[in-house]
Amino acid sequence: MTGPIRGPHPDELISASLTNDLTDIERRQLDTHLADCATCRATLEAFREQRRMVGKMRQVEPPRDLSARVRAGIEAGRHAQQPWWQRPSSLLGFGASLATVAAAILAVVIIGNLRPAPDVAVASSTPVASIAPPVVSAVPSADATAPPPSATPGPIALGIPDYSLALTGPSDNLAPTVRDGETGQTITELDAIEGPPISAALQPYGTSLAYLVDVGLSGLVDVRVSSVTDGKTYELGRSAVGGPFVEHLAWSREGRYLAYAIADPNGQAGTNVYVFDTLTPDQPTQLTYSGNFYVGSWDVDDEGELLWISEAGAEPISYAVRAYDSDGLVQRLPDGPVPAERTAEGVFQPLFNRSKNAVIYWRGVMQTGGSEAPGEWLFVQAGAPYIARETEESALSFEGGVPLFSDLEVADQGFRAAAITWGPDDRSIAVWDANWPDAPSLEDGTVYPDRARVYFGNVDDERLLTSRHALDQEDVPDGARVVDVALAATGRHLALTVAYELTGDLDAPRADLLLVTRNTGNVADVVEPVAGASVGGWHGPAIYDPMLFDLTP
Amino acid sequence: MLSIPFDRRVARGPAVMSHEDRMTAHGDFDRLFEEFSAPIYNYVLRMIGDRDRAADITQDTFIKAYRHIDSLTDVSSTRSWIYRIATNTAIDDMRRRKHLARMDDDEHHAERPDTAPGPEAQVMGVVLDERIQRAMLLLRPNHRQCLILSDVEDMSAHQIGEVMGLSYGAVRTLLCRARGEMRRHLAAEGLSR
């Protein structure tokens, strides 16, 4: 045996074997696996047959006039910049004068500049509120209509700004479906669930989906992982409903492991970190036992992957630990001091972007939530999210962080918690469900931060997030609350899952999935409900598949 | 692999291009068109599923190739280069149609493949081809692209990466997903288990 194969069935290796895109080690791994796995042998045979069929499709002759059309197109472009009296009256051959060749090149530039670009090309890296923004108390905020600073070119080569996966159900249908966002086509149906899905995280290679399900009105949440291809589902545990700190799912960079937290429904064991290994899916491993640990994000160093976990307390602390050994087996952490490769004091729940050139994390004093959220650790003093970024002058460091909300002064109370997500472009960020009791009032009487609104910005914007980065109030229907936010790699598109309040005991949970195109200046955002959302039921959450975009440096 | 000797003197621009240079460049372009017009047309046709649009996109592809021939710095990459232009041109076309469809409040109808047997199937004239093509048009655009590049054009993951602007690993993953998706669609057509 040459080592374990990722995932229950190595479809990727089988696929790559058809074009000889395997290393020697991978070839040996695959051969060993195939000898014992009838399912994979059938997959290999099906893929081979498919390749043979597709490869034998008949070639079609192009139109006979194609050559003439190309020739005409070249001539038309070549003479587009000439005064009409200098243009030839008939098409020439491919030979041309120096002047006309220059004109053709110039035409490309001009046309390229004038042609209405697709949405993704005009995406602003700095979304700006389209309503008249109120002014925040202490720190003056920048002009919302100012041009965005140094727009980062998005890695948009092939992706179309549509959500890729939408988990839908239940209410009238307890079997949620995973759908293709672009076509609406059902990719797979999952096992029945006892309530609505409230957040989801796609495994980096797109083969598995981790998601949380509200278990009716019981105050419990199920953690599940399902195969996107065949719907096979694993129940990873049942947790007490917690805030955003608990409800955080983190896939490892290679997609083999999922880290998540479980808050003991009985309250006795507190909140602990678990790791699910896709190779041994029936036995998630409890990593911590002290009852005050939360999941941060995966990291990597020269020796392999690290998992950042955070210990809640009056002064929180975060640790980067080896979650699995050299054989890939997940090991519970020993009692006593955490065997950490790195330690960050005062830091809670660090969320690295995929490129690992920026990290968002929390600072402040924490306590268990008391009567409002028994057993749940929240910030009670000076709680706020911070962001640290790598620059040309300095490496990424927690010490170099600044407040994520640049126009908020956090003194006594601050945030208790908030939900935060990175976009797949590694630059976009969104914050919602901002829990700040007695949040400051703005001059227009509204509170800021507002728990009902979504704050959407870009790490390359010097302002980071301000009150002006709130999505339009009209983006979310009256009476609805934002359950989940997914960001597209365009830096301009979001998918909001918004749930409606239940009006009676017999009401079924209802949520709409709204695709928002963020606009700048005084132009209102464009909000498009996903088809079918208006007829009721539960739609969402959505995921923008990072595989649609090339994020490889 | 194509061995058209693109003369890099073209890259110096028209100000220094002699009559002889221009004739060489145009000869190169003629050979490029001769060798790739049919494969590119078929590639786009598989992608789009519409003969007229495929012809338009192929036409635009070669016009762009002519105008940007100086951006081709490595002759050995000619094949990837022309397929990349075709890919981007096809994507632009799909985006534009999608945008227009939304403006027309047409519920994205125009961007969805027409899965009914149409004129294209009649042109192909082969029932099996028709069913395979129908299954292929149900794939996501990027899945369709990489599957065609792999199984029709016989490109390696590295070459597909050059065309699609993706890393080697991303191509392998995308291809795996495409094959899985295609398997289901072929099964629906009764062509796979």
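Guide: Two strands pair if DSSP finds at least two bridges between them. Keep that in mind here; this is a predicted model.

Visitor: OK. Which residue is the bridge partner of A:Val482 in S24(A)?

Guide: A:Val498.

Visitor: How many bridges join S23(A) to S24(A), and do they run parallel or antiparallel?

Guide: Seven bridges, and the two strands run antiparallel. S24(A) covers residues 493-500.

Visitor: What's the strand order in that sheet?

Guide: S23-S24-S25-S26 in chain A, an open sheet with antiparallel pairing. S23 (480-487) and S26 (526-529) are the edge strands, each pairing on one side only. From one strand to the next, the twist averages 30 degrees.

Visitor: And chain A overall? How many helices and strands?

Guide: Five helices and 27 strands. Of its 553 residues, 47% count as buried.

Visitor: Switching to chain B. At what angle do H7(B) and H8(B) cross?

Guide: Roughly 100 degrees, and their axes come within 8 Å. H7 spans residues 157-164 and H8 spans 168-188. Angles of 65 to 115 degrees count as roughly perpendicular, so that is how H7(B) and H8(B) lie to each other.

Visitor: Which residues meet there?

Guide: From H7(B), B:Ala157, B:His158, B:Ile160, B:Gly161 and B:Met164. They meet B:Tyr168, B:Val171, B:Arg172 and B:Leu175 of H8(B). By type, the contact has six nonpolar, two polar and one charged.

Visitor: What about H2(B), which residues are buried?

Guide: Among them are B:Ile57, B:Phe62, B:Ile63 and B:Tyr66. B:Asp60 is also buried.

Terms used:
Residues are numbered from 1 along each chain as its sequence is written. Chains are lettered from A and ligands numbered from 1 in the order in which they are written. This is a predicted model: local features need pLDDT of at least 70, side-chain atom pairs count only at pLDDT 80 or more; totals for chains, interfaces and linings use all residues. Helices (H or I, at least four residues) and strands (E, at least two) are DSSP runs, numbered from the N terminus. A residue is buried if 20 or more other C-beta atoms lie within 10 Å of its own, exposed if 12 or fewer, and partly exposed in between; C-beta atoms are placed from the backbone. Axes are lines fitted to C-alpha atoms, for helices over the stretch in contact, and angles run from 0 to 180 degrees between N-to-C directions. Angles under 35 degrees count as roughly parallel, over 145 as roughly antiparallel, 65 to 115 as roughly perpendicular and the rest as oblique. Two residues are in contact if their C-beta atoms, placed from the backbone, lie within 7 Å. Ala, Val, Leu, Ile, Met, Phe, Trp, Tyr, Cys and Pro count as nonpolar, Asp, Glu, Lys and Arg as charged, and the others, Gly among them, as polar.
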